Amino acid sequence: MRAISVRFKDGISIVEEVDIKSYKDYYKYLECDCFDVAMNKDRTISAFVDDSGLLISDNPVCDYGTLGFYEPLAGNVVFAGGVDSDGDTLPLSEDISVMMVSNAIDLIGFTRWKKEKWLLLRNMQLIDVLKDY
């Protein structure tokens, strides 16, 4: 199944087309033990993410608003298509290219752990993400 992987190594994003053959491939490309999925606003793109992405210090946090996602995503991402009537993930549309995903990456900060609180480093300022908890 056609998908596009976004990984971060040493501050550089690596965007490539990948072939997802089973759910185990998500673990490989996300480099995680547990993943979750978010849908864009028109439900045509699924974003598979590390379920603990916000809890890993120094993870990049990116806004993918140009792809229709409401909230920023932390860490590595695998973009696939929407879902069919049975809830199965569809291949990513050929209309979505590696270049389009590369251009959609808007790095807004990094996750940080400080004084027993999770903070987001955004625009070089620490923002207390858990201030209401």
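Arginine 7 is buried, with a relative accessible area of 17%, and in this predicted model its side chain forms a salt bridge with glutamate 16, the closest N and O atoms being 3.0 Å apart. Glutamate 16, at 29% relative accessibility, counts as partly exposed, because buried is kept for values under 20% and exposed for values over 50%. Salt bridges that share partners join Arg7 and Glu16 with Lys9 and Glu31 into one network.

**Salt bridges around arginine 2**

- A search of the whole structure finds six salt bridges, and one of them is a meeting of the side chains of arginine 2 and glutamate 17 at 3.3 Å, taken from N to O.
- This pair links distant parts of the chain, since arginine 2 belongs to strand β1 while glutamate 17 belongs to strand β2 (residues 12–19), and the two are 15 residues apart.
- Arginine 2 also meets the side chain of glutamate 94 in a salt bridge, here at 3.6 Å from N to O.
- Because arginine 2 lies in strand β1 and glutamate 94 in the loop between β7 and α2, this second pair ties together parts that are 92 residues apart in sequence.
- What is the burial state of arginine 2? With a relative accessible area of 11%, arginine 2 is buried, whereas glutamate 17 is partly exposed at 45% and glutamate 94 counts as exposed at 62%.

**Overall fold and confidence**

- The secondary structure of the protein comes to two helices and 10 strands, and from the N terminus on these elements run in the order β-β-α-β-β-β-β-β-α-β-β-β.
- The protein has 133 residues, of which 40% count as buried.
- Among contacts between residues at least 6 apart in sequence, 52% join residues that are at least 24 apart.
- The pLDDT averages 87 over the protein, and 84% of the residues score at least 70.
- Confidence is highest in β7, with a mean of 98, and lowest in strand β10 (residues 125–128), where the mean is 52.

**Nonpolar cores**

- The largest nonpolar core has 19 residues, and those with the most contacts inside it are Val6, Tyr64, Leu67, Val77, Phe79 and Val101.
- Two or more residues of this core come from each of the elements β1 (2–9), β4 (45–50), β7 (77–81) and α2 (98–104).
- Which residues does valine 101 touch, leaving aside its neighbours within four places in sequence? Valine 101 is in contact with Ile4, Val6, Val15, Leu67, Phe79 and Ile96.

**Aspartate 50, a buried charge without a salt bridge**

- Aspartate 50 lies in strand β4, and although this residue is buried it has no salt bridge, the nearest side chain of opposite charge being that of lysine 9, 11 Å away.
- The side chain of aspartate 50 does, however, reach the backbone nitrogen of serine 52 at 2.9 Å.
- If neighbours within four places in sequence are left aside, the contacts of aspartate 50 are Leu30, Cys32, Cys34, Phe35, Ile56 and Asn76.

**Two further buried residues**

- Threonine 111 lies in strand β8 (residues 106–114) and is buried, with a relative accessible area of 2%.
- The side chain of threonine 111 reaches the backbone oxygen of isoleucine 56 at 2.3 Å.
- Not counting residues up to four places away in sequence, glycine 68 touches Asn40 and Lys41.
- The C-alpha atoms of glycine 68 and threonine 44 are separated by 9.1 Å, while the two residues are 24 residues apart along the chain.

Technical notes:
Residues numbered from 1 in each chain as written. Predicted model: local features only at pLDDT ≥ 70, side-chain atom pairs only at ≥ 80, totals over all residues. Heavy atoms only, no water. Core = buried A, V, L, I, M, F, W, Y, C linked by side-chain atoms within 4.5 Å. Buried < 20%, exposed > 50% of the residue type's maximum accessible area, 1.4 Å probe, protein only. Helix = DSSP H or I, 4+ residues; strand = E, 2+ residues; numbered from the N terminus. Contact = heavy atoms within 4.5 Å. Lys, Arg positive; Asp, Glu negative; His and termini not counted. Salt bridge = Lys/Arg side-chain N within 4 Å of Asp/Glu carboxyl O. Polar contact = N/O pair within 3.5 Å; in protein donor to acceptor, adjacent residues only side chain to side chain. pLDDT = per-residue confidence, 0-100.
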